[in-house]
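User: I would like a close look at one part of this model, with its charged side chains as the focus. Please keep the answer connected.

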Amino acid sequence: MANLNLRMLNILINIIYDVTPDKDPYKNVPDSLIQWPHAVQEGINNEDTKPEWLEDLFDIEEEEEGNIHGMFTKKYYESSFGNLHLTGDFIVVDIRQSYIIAELQVQDGTFSADNLIKRTIKYINDNGGLRTIYGHDDISDYSQPDGDEEIHFGSVIFRNSKQGYGGFAAGTGITGVIKYPILFNDDNYYPLRALILFCSGPFKSWVLNPVSVMNHEMGHALFGSNDMHCGGGNGWIKNSGRVFLQLMGGYGLMGQSGTGLVSVNAFDRWWLHWKSPIYNTTDSYIAASNQVSDISIEDGNKTFTLRDFVTTGDAIRIKLPYVDEGAKNQYIWLENHKIGTNGKIDFLTYSNTYNCRPQGKPGIYAYYQVGKDILTGEHNVVRPSGQSDPVSYTHLRA
C-alpha cells in the first residue's frame, strides 16, 4: 500500500463507564482541558462529543500539495512525493460499558479490545449502518478500483481505554484486521481489510506530533513487524540480534518515543520505492543532483550537490569497504536537512508543540545502515528476525 490514493475509515470510540465509573482513566479531567469531550449519552456522531481535531489529522478530500493541511495526510504525502495520498473520514461512537459487556460473563466490567470493537460495530450496524461525519458512506469511497469491494484501510481510535478495559493505554497500539463487517448504505456488509488500532487519550497533542503512535503504527503497516523497527521507534521486543547499542534517537517513518527529527529518511524512501518525479529521473531510488549516488569504493571519486532532502529526495549512500569476512554490508547515508527554511515536516520532535525546544539545526545528517539491504525474496531474507534498528544517527555540521 506504499503507492495509493486512499481514504481511510476511522472509527473513534468513546467509552461511557456506566458499570465501573472509577475505571475511566480520564474521569477527573475537566472538559475545558481536553479536545475530545467525555461522553454521557450513547450515540453516533453526537455533536457535543465530536473531537475538535478531525481536520487537523486528515484532509477530508484530496487537495493540491500547497493546500494539504491535515498532519497525517501531509506527513505521508511529503514523505512519498505524493505517491501515498491519505485522506480520511470518521464515525464517532459513544458506547456504554454495559452494552460492551452484555454478552460477556464478567463480574468486574472488564473487556478486551476485540470485545469493544465487535460491540461497537454491532452498535453501528443496528443503528442504520455507516454514517460518517463528512458523508463518505459508499464502499467506493474506501475500496480500490481494481480490488475487491472492501474497506482497504482504516483505524480504530479508543479515547479512554486502559489495561483490562479495552487493553490499550494512551500512546499504545498495534496494526491488525477486523473480522466484523460493517453495514453500508447499499444494504451490504463489507470487511475492513487492515487497520491501525490504538488509544489516543482525550487530548490533541498527538495529532500535531508527526511521530505519534498513529504514525508509528502506520510505519508498521508499510514496513512490517517489530523486526523492522528503526529510526527511533525501537523497543526491546525481538531484539536478540540488535546491531547497534543505541536504543532511540534517530528519525524516520518508524520513529516514535525518543526520535530526533520527525521527517522521513532516505532508507525509508529507498525501501518503499519513493522518489521524486521532478528531482530524480534516474533509474535509482538513491540519487543526488539527479545522479545515482549509491556508491562504493569501486566507483572512485564522486562529487554531488545535496539539495534539501525532504523536498528533493537527494541522499548519498556509501558502502563501507574492508568489513570483516562474513559480516553484513554496512553503509553511511548522508542527507541535507534545511530545517526551518523548507516549509516541510522536518524539525525536532515536539518543537512544533512546545516553545521550549528549538526546531533543530540545518545541515548534513548522517546515519549507519547495517544489513537490511535485500528488497526481494523470501520473507525471512528480506526481514530477518532480531535485527531491528539497523540505523544509528549523527548530525555532522550546521
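Is aspartate 126 buried or exposed? Please start from there and go on to its partner and to the other charged pairs.

Analyst: This is a predicted model. Aspartate 126 counts as exposed, because its relative accessibility is 52% and the cut-off for exposed is over 50%. The side chain of aspartate 126 meets that of lysine 122 in a salt bridge, with 2.9 Å from N to O. Both residues belong to helix 4 and sit 4 residues apart, about one turn of the helix. Lysine 122 has a relative accessibility of 34%, so it counts as partly exposed.

The structure holds 12 salt bridges, and some others can be set beside this one. Lysine 50 pairs with glutamate 47, and their closest N and O atoms are 3.5 Å apart. Here lysine 50 is partly exposed at 26% relative accessibility, while glutamate 47 is exposed at 61%.

Another salt bridge joins the side chains of arginine 317 and aspartate 294, at 3.0 Å from N to O. This pair links distant parts of the chain, with arginine 317 in strand 10 (residues 316-319) and aspartate 294 in strand 9 (residues 294-295), 23 residues apart. Arginine 317 has a relative accessible area of 5% and is therefore buried, whereas aspartate 294, at 31% relative accessibility, is partly exposed. Salt bridges also link Arg7, Glu61 and Asp141 in a network.

Helix 4 (113-126) also leads on to a surface feature. The loop between helix 4 and strand 4 (154-158) holds aspartate 148. Aspartate 148 counts as exposed because its relative accessibility is 60%. On the surface, aspartate 148 is part of a patch of negative charge, where it gathers with Asp138, Glu149, Asp186 and Asp187.

Helix 2 (residues 71-80) gives another setting: 9 of its 10 residues are buried, so this helix is largely enclosed by the rest of the structure. Among the buried residues of helix 2 are the charged Lys75 and Glu78, along with Phe72, Tyr76 and Tyr77.

The structure holds 0 disulfides. Cysteine 199 is buried, because its relative accessibility is 1%; cysteine 356, with a relative accessible area of 73%, is exposed.

Note on methods:
Residues numbered from 1 in each chain as written. Predicted model: local features only at pLDDT ≥ 70, side-chain atom pairs only at ≥ 80, totals over all residues. Heavy atoms only, no water. Patch = residues over 30% accessible without salt bridge, like charges linked within 9 Å, V, L, I, M, F, W, Y side chains within 5 Å. Areas by Shrake-Rupley, 256 points an atom, 1.4 Å probe, with all protein chains shown as cover. Salt bridge = Lys/Arg side-chain N within 4 Å of Asp/Glu carboxyl O. Charge placed at Lys NZ, Arg CZ, Asp CG, Glu CD. Helix = DSSP H or I, 4+ residues; strand = E, 2+ residues; numbered from the N terminus. Buried < 20%, exposed > 50% of the residue type's maximum accessible area, 1.4 Å probe, protein only. Disulfide = S-S within 2.5 Å.
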